[in-house]
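Here is my note on the model. Please read the points with the structure open.

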Amino acid sequence: MYTQALNARDTTAPVAGPEEAARAARFQARIDAEERIEPNDWMPEAYRRTLTRQISQHAHSEIVGMLPEGNWITRAPTLKRKAALLAKVQDEAGHGLYLYSAAETLGTSREELFDQLLAGRAKYSSIFNYPTLTWADIGAIGWLVDGAAIMNQIPLCRCSYGPYARAMIRVCKEESFHQRQGYEIMLTLCRGTPEQKAMAQDALNRWWWPCLMMFGPPDAESQHSDQSAKWKIKRFSNDELRQKFVDATVPQGQYLGLTFPDPDLAYDEAAGHWRYGAIDWEEFKQVLAGNGPCNRQRMKQRRDAHAAGAWVREAAMAHAAKRARRAAAKADALQQAA
Amino acid sequence: MAEPKIPLWEVFIRSRNGLAHKHVGSLHAADAAMALQAARDVYTRRGEGLSLWVVPSAAIVASDPADKEVMFEPTASKIYRHPTFYEVPDEVGHM
């Protein structure tokens, strides 16, 4: 669903010999020429590390992102909504797997990436640490969270790293369904009873600000963006993407007849942009530091699921080994008989 | 926790009759049957294909990007391999 620009600057300086510098220059020339970098190509170690971290955080976000929505599968109001939500959650699992595969091409195994998440060494998007209290939250997540994710992910389809770009193309195609199903839920609630509309408004009130935080810290405080932009991993800054999202979303909310929880929200005629109020970055920092409403619950659910699945992984591997042994024994017997 | 690593497979899909199988990505599975099942779930949720191949990633032999020039550069100078190298008078018509 989403990757967040959380990475601290990479401080491990490469040992820069003249040969290394020449390679790095050739690498940058390929990037500047809009060539795609493929797994076996030479790349600077920092590029590899940055991408491994970004793609795996993105994958973790997809996987953890199933939890808040999974919460409502059994209580979806109709069979149609339930089928759609199941399909959406299944998509998120698929997105996580495409992304783990892309990350693995950089040389870190999926098992290691899982361990990093489960041990709390890897981050995932801050947005999934908020609770889904009512059915309207499922609408708000599809409309706003997936809407924000699309803003962020469309430029990633042109990322310089081939496997990541290709994974993002698949993800973006599927994500469009997610946003539309969410908006339709909101629309249905807004055209329903006053209680239903109030539920939709309450969901917007709770999700709006956390969604704006999804784009990461303001450009002035974001340290790592320069290098990512130079490597064509990131094509727009956090603030640029946030502004695009606000501009696209405000008219959609007005059509629903809802009010955004921001008294400072106003249209700037001259610039052609919606101007929004101050974001509470302290809240963002707290959620990232593990102190959001659901951080501990999400991590516990992931760890429990991983531990509960251990016997399945073991059994599958044992079964495969047994079949391979039997096939080998059969081949031996045939050879001796011949 | 040292769980044994689950093997990696590359997935290829034939999207329509008459087209070749095309690489779409990879996945982990303990054996071929599970790899096919997982490929169906992960890569064909929206009618993407009519046929699936899964191939153990370790079975693929790839050319080295460092050999790119040695491998592929010589063809660039062999323009006589292309039909446009040969002149055919207009009067002869399309050939």
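**Notes on the sheet and the interface**

1. B:Ile13 stands opposite B:Lys22 in β2(B). Strand β1 (residues 8-14) of chain B pairs with β2(B) in the antiparallel sense, over six bridges. Strands here are DSSP runs (E, at least two residues), and helices likewise (H or I, at least four), numbered from the N terminus. Pairing requires at least two DSSP bridges between two strands.

2. The open sheet of chain B has three strands in the order β2-β1-β3, with antiparallel pairing. Its edge strands, β2 (22-28) and β3 (51-56), each pair on one side only.

3. The model is predicted: local features need pLDDT of at least 70, side-chain atom pairs count only at pLDDT 80 or more, and totals for chains, interfaces and linings use all residues. Residues are numbered from 1 along each chain as its sequence is written, chains are lettered from A in the order in which they are written, and side-chain values use heavy atoms, without hydrogens and water.

4. In chain A, 24 residues are in contact (heavy atoms within 4.5 Å) with 21 residues of chain B. The two chains bury about 2000 Å² between them, 53% of it on carbon and sulfur atoms. That area is the accessible area (1.4 Å probe) lost on being put together, summed over both parts. On chain A's side, A:Glu111, A:Arg170 and A:Met317 lose the most, together 26% of what that side buries.

5. The rule finds four salt bridges across the interface (Lys or Arg side-chain nitrogen within 4 Å of an Asp or Glu carboxyl oxygen). One links B:Arg46 and A:Glu174, with the closest N and O atoms 3.4 Å apart.
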